[in-house]
Amino acid sequence: MKPPPFSYHDPETVPEVIDLLGRCENARVLAGGQSLMPMLNMRFVLPDHVIDLNRVDALSYIRESPDALEIGAMTRQREIEFDATIRAACPLLPEAILEVGHRQTRNRGTLGGSLCHLDPAAELVAAAAALDAVVTVTGRAGVREIAFAQFPAGYMTPAIEPDEILTSVRFPRWPKGHGYAFVEFARRHGDFALCSAAVLLEKTAGRITRASVTVAGLGAAPARVSNAEQVLVGNAASGGLFREAAEHCRRLEAIDDVHAPASYRQQLGAVLTRRALEKANARCAS
Amino acid sequence: MSGRVLGQSVRRREDAGLLLGKGRFVDDIRLPGMLEAAFVRSPHAHAAIERIERSAALALRGVHAIFTLADLLPHLVTERLVVGLPSKSYKQDRNRPALAYDEVVHVGEPIAIVVAENRYIAEDAAALVEVDFEPLPAVADCRAALESDAPRVHRNAPHNLLAEFAMAYGDVDRAFAGAPHVFRESLKQHRGGSHSIECRGAVAVHDVLEDRLTLWSSTQMPHAAHRLLCDMLGRDENRVRVIAPDLGGGFGPKLVFYPEDVVTALAAMLLGRPVKWIEDRREHFVATTQERDQYWDVEIAVDREARILGIRGNLIHDHGAYTARGVNLPHNAAETVPLQYEVPAYRMNVQVALTSKVPVSPVRGAGHPQGTFVIERLLDRVARELGLDRAEVRRRNLIPASSMPYTTQLKARGGMPVVLDSGDYPACQAEILERAGWADFPGRQQAARAEGRYVGIGFANYCKGTGRGPFESATVRIAPSGKVHVYSGAAAMGQGTRTMLAQVVAEQLGGAVENVTVTVSDSAAVPMGLGGSNSRQTVLAGSSAHLAAVAVRKKALKIASHLLEADESELEVERDRVRVRSTHDRSVTLGQIARSVAGTAGYALPPGVTPGLEATENLVIDDMAHANGAAVVEVEVDIETGHVKILRFVGLHDCGRILNPMLVEGQVLGGTAHGIGNALYEWMGYDENAQPVTTNYGEYLLVTATEMPHVENYYRESPSPLNPLGVKGVGECGVVPVAAAVASAVEDALSPFGVRITQAPIFPAQLVALIEEARARGQKNT
Amino acid sequence: MSETRNIRVTVNGVVRDEQVEVRLTLADFLRQKLGLTGTHLGCEHGVCGACTVLYDGRSARACLMLAVQAHGHEVTTIESLAESAERLHPLQEAFSDNHGLQCGFCTPGILMTLIELLRDTPDPREEEVRVALSGNLCRCTGYQGIVASALDAAKRMRAGTPR
């Protein structure tokens with residue numbers, strides 16, 4: 001299982017990357033390599049050009065602002081796991097990242113790589129959807145932002161043009177003391193989730209004032225379950241409320257394949273959402 | 001049962017090199033001028049080959065040759081690999097061709113070999129070879145394969161029944177006719193592949209000067225490979241040598257001789273350059289033999305006291321598209337069902353079906369896990385129906401120790417009766433249940449249920465024939481250097497064979513394990529050998545080495561008594577010398593003894609002795625030494641997700657006399673992990689067109705350190721009377737009871753719902769569905 | 001089309017200047033170009049961990065990297081662990097004493113994974129060891145001997161001179 005032949009480029013700046021993307025037909029961008037290299041080794045992709053981003057230092061950063069956290073696309077997953085700033089500002093991310101692969105893959109894997117690969121079960125993709133992340137994309141036409149809900153264009157296909165790359169991701173902050181939980185079901189530790197649920201809660205005077213409920217693994221992209229969110233907002237937290245909200249997740253459309261029937265994924269969607277709601281609520285300041 | 005080194009956890013001599021990263025596995029072998037190969041393989045489960053076009057591939061820079069069967073035929077005595085273990089049950093011969101030429105019958109079947117400067121280029125070229133296929137209908141399911149209108153796996157075959165046999169004794173019909181209770185189960189079992197972390201591989205080189213072909217092959221059976229190469233290439237025994245270098249695991253499928261082995265060898269001969277072929281993981285999924293599906297439809301008849309009156313049923317076994325080993329797997333499985341219990345009448349009708357998939361051959365356990373699953377599920381059923389404790393049902397039926405050796409009415413594949421040589425099955429069961437807290441569990445279960453947790457306990461006994469004969473060769477020689485050299489036809493695959501042989505021989509010759517060198521895995525080191533399989537090497541190679549060492553010891557003492565002018569009874573062998581026991585004042589080294597019989601021109605040898613200080617033994621043991629044991633498993637089932645967590649795993653194993661406790665524990669643990677994989681994780685999936693759908697490690701799940709519970713193992717030693725060491729094999733024991741015990745535990749955990757587990761592996765989605773169905777049937781009783 | 005590059009990689013403390021094809025994986029570079037065959041290939045799709053090395057001190061799957069990426073970087077392999085054939089690293093000694101290996105094929109990858117773990121977490125709990133090992137497949141041992149070896153090694157390394 002050896003990679004096919006290709007031309008290799010290792011630019012050092014973003015403009016160089018954009019220039020290469022403009023000139024090279026049938027090019028693939030290499031970030032952490034944890035998704036692209038297996039595909040190359042198995043010859044599932046046959047690019048003529050591989051554009052390696054690992055020397056573009058400018059894409060690796062973590063920046064705080066009062067209302068958001070901005071993380072460069074080439075930031076390694078291990079940074080997300082260990083960085084104190086991220087843990088304080090956006091605790092859903094490190095909780096999700098612990099489910100992502102293994103130490104070896106997180107040492108190399110990147111935020112941008114995972115988001116652009118858009119595996120339906122990818123934890124970072126689910127977390128980005130839950131957090132209403134805004135993705136910044138840079139191309140020949142300049143810089144533009146994409147709300148994460150618009151980022152998946154199809155199965156494992158992000159809404160970026162061939163001459164663009166994802167350069168950073170902005171995660172709007174939730175207030176201090178917010179409830180958060182990332183719960184997934186995978187066959188083994190570190191496996192891709194069969195299903196995951198990401199929940200964020202805000203409460204005031206005992207009532208839920210804001211809720212984000214995301215279920216991933218059922219369809220091609222994570223689903224923000226607005227029906228569940230609507231059930232929650234304005235009400236006091238209770239087991240019954242959470243069960244009711246979770247049942248909306250059972251009604252999501254789900255894939256049927258050799259690994260699991262649709263009904264099972266829907267069951268997981270409901271169960272994991274309920275468990276995530278309980279976990280998030282326990283962490284949530286009233 | 002301890003000797004001076006036997007019974008001790010002697011550290012492995014294999015370790016240092018491996019730990020340093022200096023192991024020599026087949027892919028580590030590099031020879032000057034070596035080329036690398038890749039195979040063009042069938043993407044279809046069944047197709048006719050119309051045309052093979054190589055010109056574009058040959059034009060690629062760095063490509064040296066592309067061979068199809070047409071190129072190789074002039075150099076082959078026979079185009080087919082005739083490897084099947086003999087059996088009267090075959091209805092057709094389906095031997096693999098060295099390369100497919102006009103028909104392919106499974107995804108992954110090799111069609112051509114591409115030889116290039118390196119593997120990268122070889123793969124580039126393989127992708128450019130154009131093969132015109134005419135797709136033909138494929139058969140994915142072994143039951144469907146036996147329907148009269150099923151497409152033929154081989155287009156010119158009359159049907160897909162490869163073999164058929166019945167294993168039977170006693171008057172089964174009468175037993176059932178009069179029985180107070182008859183229970184029926186339909187069981188589906190699936191086991192997957194070997195997945196040794198090292199795939200297969202071979203390096204072939206032809207020495208023109210000596211006209212000798214050497215093949216390094218990641219094989220468990222160098223002598224078998226040697227034989228086949230000699231036969232297929234028309235070369236005599238001295239013109240071929242097969243060496244197994246360090247093996248990164250075997251587990252069964254590496255004992256098979258494959259098309260890639262003979263084709264790589266031929267390529268090296270035709271090109272006059274060494275050729276290396278290393279299997280990659282995707283190839284392992286589609287081109288290395290594996291176990292797969294068995295469908296059992298069985299009935300058990302018992303009396304009012306739950307004593308077995310008879311067992312009967314049908315087994316349909318998936319053989320794959322060719323015979324790569326034989327029908328031993330279904331034979332073992334059918335033999336195992338009644339093996340450990342008193343079963344007065346038995347009949348299992350076995351049909352072995354061809355399917356459009358890679359051939360099936362034994363993987364660690366070799367049919368015994370499946371037979372065990374059947375009997376243990378049946379006994380659980382009896383217990384449930386009669387309202388008896390599961391352990392009690394077994395107690396009433398286990399063959400008692402007083403009956404040993406117990407001649408069953410079963411016949412082994414070679415035709416001899418199956419005799420249980422030793423073992424105390426009831427005592428093993430009693431011990432493990434005590435250690436596992438079986439009697440207390442209902443209380444713990446109640447407490448858990450009160451918390452809304454579904455925990456269960458399961459239990460399975462097992463018994464397995466080990467040490468399959470007829471023999472393994474061993475030569476022990478003391479050299480003038482003083483070193484004790486051991487040569488054996490045994491083949492190592494990671495289990496510490498060399499350490500075992502060194503211990504066995506050192507026990508007789510001074511106790512200094514480090515003074516013993518061991519050579520195995522080489523067809524040139526000993527003229528005869530069988531190699532590794534069936535948990536046989538400690539039993540057979542160990543026994544032959546033991547007897548040879550005893551003979552050498554006897555001769556050494558005789559010579560030493562002459563040299564030291566002392567009576568033999570006054571002498572002892574201590575480390576590297578023979579000395580007078582009481583005084584230690586006179587001694588002669590083993591090397592000096594060897595020198596004294598090495599011969600000096602013109603001088604007589606010591607009186608009454610023959611030249612040399614060596615002995616060769618090929619001890620014949622036809623009967624198998626039966627190891628036995630049990631597993632008790634506690635699980636918790638998350639009824640909402642179907643996840644099964646193993647809370648506790650207790651094993652008990654009687655593998656006869658234990659020569660090295662550390663190595664035995666390692667074998668059992670490895671087998672246990674494999675068994676957990678078979679119970680809960682490993683599924684080699686195919687779609688309805690016999691296309692494999694699990695071809696990478698994201699889809700095919702092996703147990704990792706986080707899924708593995710901490711296993712508590714206990715041991716008993718019932719020495720086997722069948723060999724001088726009293727040993728039994730242990731390499732496969734760990735895997736045999738696991739799926740049965742886990743199924744039993746899951747069923748117990750879900751008993752409030754009345755869920756029945758009738759298959760292995762069990763997956764979370766299936767459990768959730770079973771719970772749903774049971775709820776719909778309204779069977780929840782708390 | 002065999003595009004090549006000159007790379008300078010520090011491997012086990014030694015600077016190596018080599019010319020490589022751009023598609024050559026880091027694993028094949030180590031094994032074939034440098035003859036460091038201790039790093040093994042078990043799956044070539046990043047799951048089995050047999051190819052685990054330290055890249056700039058962090059564990060990484062060498063089958064999922066290209067040699068050209070390592071230009072200017074440091075790679076540490078199994079061959080660097082022992083002082084000599086006679087003086088093994090305490091981790092290696094612990095493996096021999098606790099039967100942490102059988103066929104040895106997965107072992108180098110596991111040792112490199114554990115070197116990182118024990119450096120970052122010198123006193124790990126069993127659960128932490130198992131999680132750290134979850135990215136390395138072993139078919140022989142059932143992991144129990146490996147876990148025992150790791151915990152024993154941690155003790156020895158805490159007691160002795162850290163490496």
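Visitor: What percentage of the 782 residues in chain B is buried?
Guide: This is a predicted model, where local features need pLDDT of at least 70 and side-chain atom pairs count only at pLDDT 80 or more, while totals for chains, interfaces and linings use all residues. Residues are numbered from 1 along each chain as its sequence is written, and chains are lettered from A and ligands numbered from 1 in the order in which they are written. A residue is buried if 20 or more other C-beta atoms, placed from the backbone, lie within 10 Å of its own, exposed if 12 or fewer, and partly exposed in between. By that count, the buried share of chain B is 59%.

Visitor: What radius of gyration does chain B have?
Guide: Start with the box: along the principal axes, the C-alpha atoms of chain B fill roughly 95 × 75 × 50 Å. For 782 residues it puts a compact globule near 28 Å, and chain B agrees, with 28 Å.

Visitor: And chain A, how many helices and strands are there?
Guide: Helices (H or I, at least four residues) and strands (E, at least two) are DSSP runs, numbered from the N terminus. Chain B has 20 helices and 31 strands. For chain A, the tally is 11 helices and 14 strands.

Visitor: What share of the contacts in chain A with a separation of 6 or more comes from residues 24 or more positions apart?
Guide: A contact needs two C-beta atoms, placed from the backbone, within 7 Å. In chain B, residues 24 or more positions apart account for 80% of the contacts with a separation of 6 or more. In chain A, the corresponding share is 63%.

Visitor: Are helices α18(B) and α19(B) parallel or oblique?
Guide: Helix α18 (residues 661–681) and helix α19 (residues 738–749) of chain B have axes that come within 8 Å and cross at roughly 50 degrees. Axes here are lines fitted to C-alpha atoms over the stretch in contact, with angles from 0 to 180 degrees between N-to-C directions. Under 35 degrees is roughly parallel, over 145 roughly antiparallel, 65 to 115 roughly perpendicular, and the rest oblique. That makes the pair α18(B) and α19(B) oblique.

Visitor: How does α11(B) lie against α19(B), roughly parallel or roughly perpendicular?
Guide: Helix α11 (residues 368–386) of chain B also has an axis that comes within 8 Å of that of α19(B). The two cross at roughly 30 degrees. So α11(B) and α19(B) are roughly parallel.

Visitor: How many charged residues are in the contact of α11(B) with α19(B)?
Guide: From α11(B), the residues include E376(B), R377(B) and D380(B), and among those they meet in α19(B) is E747(B). Ala, Val, Leu, Ile, Met, Phe, Trp, Tyr, Cys and Pro count as nonpolar, Asp, Glu, Lys and Arg as charged, and the others, Gly among them, as polar. The contact has 5 nonpolar, 2 polar and, on the charged side, 4.

Visitor: Which element gives the most to the side of chain B that touches chain A?
Guide: This contact takes 19 residues from chain B and 17 residues from chain A. On the chain B side, α4 (119–128), α9 (281–287) and α20 (764–776) each give two or more. With 4 residues, the top contributor is α4(B).

Technical notes:
The radius of gyration is taken over C-alpha atoms; the globule rule is 2.2 Å times the number of residues to the power 0.38.
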